[in-house]
Amino acid sequence: MNAPTTYAAARAASLTDPAAFWAAQAGQIAWFEEPPQPVLSQDEGTGFYRWFRGGRLNTSFLCLDYHVQNGRAEQTALIYDSPVTQTVRRYTYQQLLDLTARFAGGLRELGVAYGDRVILYMPNLPEAVVAMLACARLGAVHSVVFGGFAPHELAVRIDDARPRVIICASAGLEFDRVIPYKPLVDDAIGKAQHKPEHVVVLQRSFCLAELNPSHSAASERAPRDVDYQQLLQAAPVEAVPVEATDPLYILYTSGTTGKPKGVVRDNGGHAVALKYSMSAIYGVEPGETFFAGSDIGWAVGHSYIVYGPLLHGCTTVLFEGKPVRTPDAGTFWRLIHDHNVRVTFTAPTAIRAIKKEDPEGLLSRQYDLSCLCYLFLAGERCDPATYEWAGQLLGVPVIDHWWQTESGWPMLATMVGLSDMPPPRAGSAGHPVPGYDVQILDEAGLPVPAGTTGLVAVKLPLPPGCLPTLWQDDARFQSSYLDTFPGYYFTGDGGYQDAEGYFYIMGRVDDVINVAGHRLSTGEIEELLAAHPAVAECAVLGIACALRGQRPVGLVVLKDGQQMEEEQLEKELISLIREQIGAVACFRQAAVVKRLPKTRSGKILRKTLRQLADGEEFVLPSTIDDPAILEEIQLVLEARCLGQAFENRLSS
Ligand code: COA
Ligand code: AMP
């Protein structure tokens, strides 16, 4: 079957006969052994869908060897641009392959083999990309943990993934602040039950880490701590063929409880879906340059800094810095100009940060941006003001598109690689990407009419690339995503579709909040606040924030007889969250309230609290035990959380 080139035909074909549609796309990648037909199957017992079972491939081979063997050896594969260290380094496909093959050899000498897990705790560095690709080369499963997470969070992930090896940088740079990573890793290993055999450390000259010369109990091969460069001395190794259904990586994301969810990405579906997305969604050709302004610790970084562009034979830009103050709000425009970027992708919060510092966009005028064709945005809904501002500034289509860590690639978009696609529209994330039957349902699971807000679900089967399950937790996968609406994957988002078919994703309907494009669990923050000796109970809300989209605020009720000063308690709670989750939680405010609004059965009315804080109209729940509580809380929120003083403190 030839791939349809119009949006309507591609969408229809993907829904009428998903197996045939994706079998055709699978032909775009080089398999060691093609999957048998039909390409879609269900696991015995669980019934979970699996793509391309029986196919054998290697993702590192597809990202590197394939291109070297097919004329791209001397093409730049990766450009590392780091204003924080004032470095720009370019790697050809041949160089990236050589480094990856040798680093994989080094990992193998440390005992890493097919199926083993390896955790990475590194900033956006080429050595991190090499490490990811080296794991993939061996058939080992990597799990990158974002550097803004504290040791406790890292420890939780160590205990869940049980890695044989951890790879870290000695330090990261946040603006000009040095953050030593190695002590955080040591602290996390101390806290975790599972002890990895080795820690591989990339020494950065501005902050050298101390390496522990003793051996861990589990390995006589080398000391526990090993220098990253030492692994590069190993002989190169070939890519190990793996099953399409074998995991490529685990990426932890916030759920509604304190325990993060280990989203599993398989090798086959992932490679096929990302390859398809590069041309059909983003409209890039092999050889062109793609820049995703994200972090390798997030799904966007995995899919569109590392795997998507490399699978497609593009040049990818790996940026170590922030959209602002590294050194200024023109840094993205410089990157686009310097590296001839055709398509760029970032989060709306990054554009808002740029707009705040350079409202007229004057810095963009210093650069010729004629190479840029599209700006894609995701991570949170792009508010229409940001959408209009970016469009006027850049003079190219701005495309808000919607996805989740779980999907790994977009579910709604304006697909610039297909013809007849309805143009993007402010406030909307566009139309369903082929393979995704996105529907808006009511609480009973029935489709709602156009214009009516409901719960966003995707009819099963999900297309290739989406999570097949959670890491060693089929039951949680079933209960978190599949039980709500039988036959559907439930996204946790709310939204609506208009009469012309455009979808609008308006925000989470569960206890997940989105702070500067980072996903956090209010439930997890609540669990930690509740552990403070002065706190009887608490609720954490994500309230609207002009820069970060949302910010978390804690409402706490003191234990009877507690005399603690509110200011002191707030300080302690802020540092508690910083120590336990990390600075990235951006938890900077807690207020004491006398009571929390509850149903008569004792459930805290979080949705009502959120609506109250955001000044939205709401219907007083009939189950509320005492409506007067809401007025008390409104007064506290107005006095303590929503004022100008707080906004200033936030941006200072
Ligand atoms: N390592 C250590 N600390 C980190 C970190 C990392 N990798 N990333 C963030 N932090 C820290 C920050 O230094 C800050 O610490 P502070 O409270 O001591 O100042 C805190 O976590 C909050 O970080 P953030 O919310 O990112 O604030 P910021 O002022 O540093 O930057 C933005 C604000 C909007 C510029 C930034 O959040 C941004 O670029 N967001 C885009 C996010 C994104 O790309 N998401 C991916 C989806 S596409
Ligand atoms: P993450 O898993 O961190 O990528 O976060 C996924 C969540 O971010 C989604 O469930 C949405 O709530 C939100 N999100 C991501 N992209 C968009 C978008 N374009 N529009 C609206 N919400 C979005």
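**View 1. Leu-362 in a predicted model, a partly exposed loop residue.** Leu-362 has a relative accessibility of 48% and therefore counts as partly exposed; buried means under 20% relative accessible area, exposed over 50%, and partly exposed in between, with a 1.4 Å probe and protein chains only. The residue lies in the loop that links helix 12 to strand 19. Helices (H or I, at least four residues) and strands (E, at least two) are DSSP runs, numbered from the N terminus. Between the C-alpha atoms of Leu-362 and Ser-294, which are 68 residues apart along the chain, the separation is 23 Å. The model is predicted, with local features needing pLDDT of at least 70 and side-chain atom pairs counting only at pLDDT 80 or more, whereas totals for chains, interfaces and linings use all residues. Residues are numbered from 1 along each chain as its sequence is written, chains are lettered from A and ligands numbered from 1 in the order in which they are written, and side-chain values use heavy atoms, leaving out hydrogens and water.

View 2. Helix 11 (residues 331–338) is largely enclosed by the rest of the structure, because six of its eight residues are buried. These are Thr-331, Phe-332, Trp-333, Arg-334, Leu-335 and Ile-336. Among the elements covering them are strand 4 (76–82), strand 16 (289–292), strand 17 (315–319), strand 18 (341–346), helix 12 (348–357) and helix 13 (384–394); contact means heavy atoms within 4.5 Å. Asn-340, which follows helix 11, has a positive phi near 55°.

View 3. The strands are arranged in the order 5-4-17-16-18-19-20, with mixed pairing. Strand 5 (87–92) and strand 20 (398–400) are the edge strands, each pairing on one side only. On average, neighbouring strands of this sheet are turned by 20° against each other, direction ignored; axes are lines fitted to C-alpha atoms, for helices over the stretch in contact, and angles run from 0 to 180 degrees between N-to-C directions. Strand 19 (residues 374–377) runs parallel to strand 20 and is joined to it by three bridges. Two strands pair if DSSP finds at least two bridges between them. Phe-376 has Ile-399 in strand 20 as its bridge partner.

**View 4. Strand 8, covered on both faces.** Five of the five residues of strand 8 (residues 165–169) are buried, so this strand is largely enclosed by the rest of the structure. In a regular strand, side chains alternate between the two faces of the sheet. Here Val-165, Ile-167 and Ala-169 lie on one side and Ile-166 and Cys-168 on the other, all of them buried. Strand 6 (residues 117–121) runs parallel to strand 8, with four bridges between them, and Leu-120 stands opposite Ile-167. Five bridges pair strand 8 with strand 11 (residues 198–202), also in the parallel sense; Val-165 stands opposite His-198 in strand 11.

**View 5. The boundary between two domains.** The protein chain is divided into domain 1 (7–321 + 401–476) and domain 2 (512–651), with bounds from an automatic or database domain assignment. Their centres, taken over C-alpha atoms, are separated by 34 Å. In domain 1, 18 residues are in contact with 15 residues of domain 2. About 1,200 Å² is buried between the domains, 45% of it given by carbon and sulfur atoms; buried area is the accessible area (1.4 Å probe) that two parts lose on being put together, summed over both.
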